Amino acid sequence: MVKKWLAVLLAAVLVLLCAGCKKNGAEVNPTGESTSNYGGVGIQVLLVETTEDETILHVQWRNDTDDSIMYGEGFSLQRLENDQWVDCPMKENTAFTSIGYLLEPGKTVTKPYAVEWAFGELADGHYRFTTSCSVLLPGSSEACALSAEFDGNANSVEALSA
């Protein structure tokens, strides 16, 4: 009985702590550019969440193929300047964890990607989130490159993806 009450008390404390976190999430209506060099595999930015310390892009991965895909943590950002995409510089000594997440055929998953720890605060502008995956074919694999665009800055970001 004591364990049950302790668990309820702990849950209540966690809820109160989480309620005190400052969060701002902007749900987006995907309407812009999204690209993939492999048909049936795609991404789009669904939500941009901002806290006092971080901007998090919630990226939806879609696998409409008959093969599994493997994706990871790594990504890059580009900013549109004078009608040309310019790479956003990464902070010094930034590295991504080398890990592979499996996405089965016909499945969709949303993965959060933190931005500021690697790229700093985003200035106003039009951005492109770029990443890659491997399509796991019988006996081999094929690399795919994907991107999804979004507008905004660290305080107010709107995604644009098709």
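This is a predicted model: local features need pLDDT of at least 70, side-chain atom pairs count only at pLDDT 80 or more; totals for chains, interfaces and linings use all residues.
Residues are numbered from 1 along each chain as its sequence is written, and side-chain values use heavy atoms, with hydrogens and water left out.

Let me begin with strand β4, residues 55-63; helices (H or I, at least four residues) and strands (E, at least two) are DSSP runs, numbered from the N terminus. Eight of the nine residues of β4 are buried, so the strand is largely enclosed by the rest of the structure; buried means under 20% relative accessible area, exposed over 50%, and partly exposed in between, with a 1.4 Å probe and protein chains only.

What does β4 pair with? Two strands pair if DSSP finds at least two bridges between them, and β4 pairs in the antiparallel sense with strand β3, residues 41-51, over nine bridges. A hairpin of three residues joins β3 to β4, and T50 stands opposite T55 in β4. β4 also pairs in the antiparallel sense with strand β9, residues 108-114, over seven bridges, where A114 in β9 is the bridge partner of I56.

Turning to the aromatic side chains, rings of Phe, Tyr and Trp (its six-membered ring) pair if their centres lie within 6.5 Å, and planes under 30 degrees apart count as stacked, over 60 as edge-to-face and the rest as tilted. By this rule there are nine aromatic pairs. One of them is the tilted pair of Y71 and Y101, at 5.4 Å centre to centre with 40° between the planes. This pair links distant parts of the chain, with Y71 in strand β5 and Y101 in strand β8, 30 residues apart. Y71 is buried at 7% relative accessible area, whereas Y101 is partly exposed at 27%.

F96 and W117 form an edge-to-face pair, 5.5 Å centre to centre and with 80° between the planes. Here F96 lies in the loop between β7 and β8, and W117 in helix α2, 21 residues apart. F96 is partly exposed at 26% relative accessibility, and W117 is partly exposed at 36%.

Which aromatic cluster takes in F96 and W117? One cluster is formed by F75, F96, Y113, W117, F119 and F129.

Finally, the charged end of K111 sits over the ring of Y113, 4.8 Å from its centre, the criterion being NZ of Lys or CZ of Arg within 6 Å of the ring centre and within 35 degrees of the ring normal.
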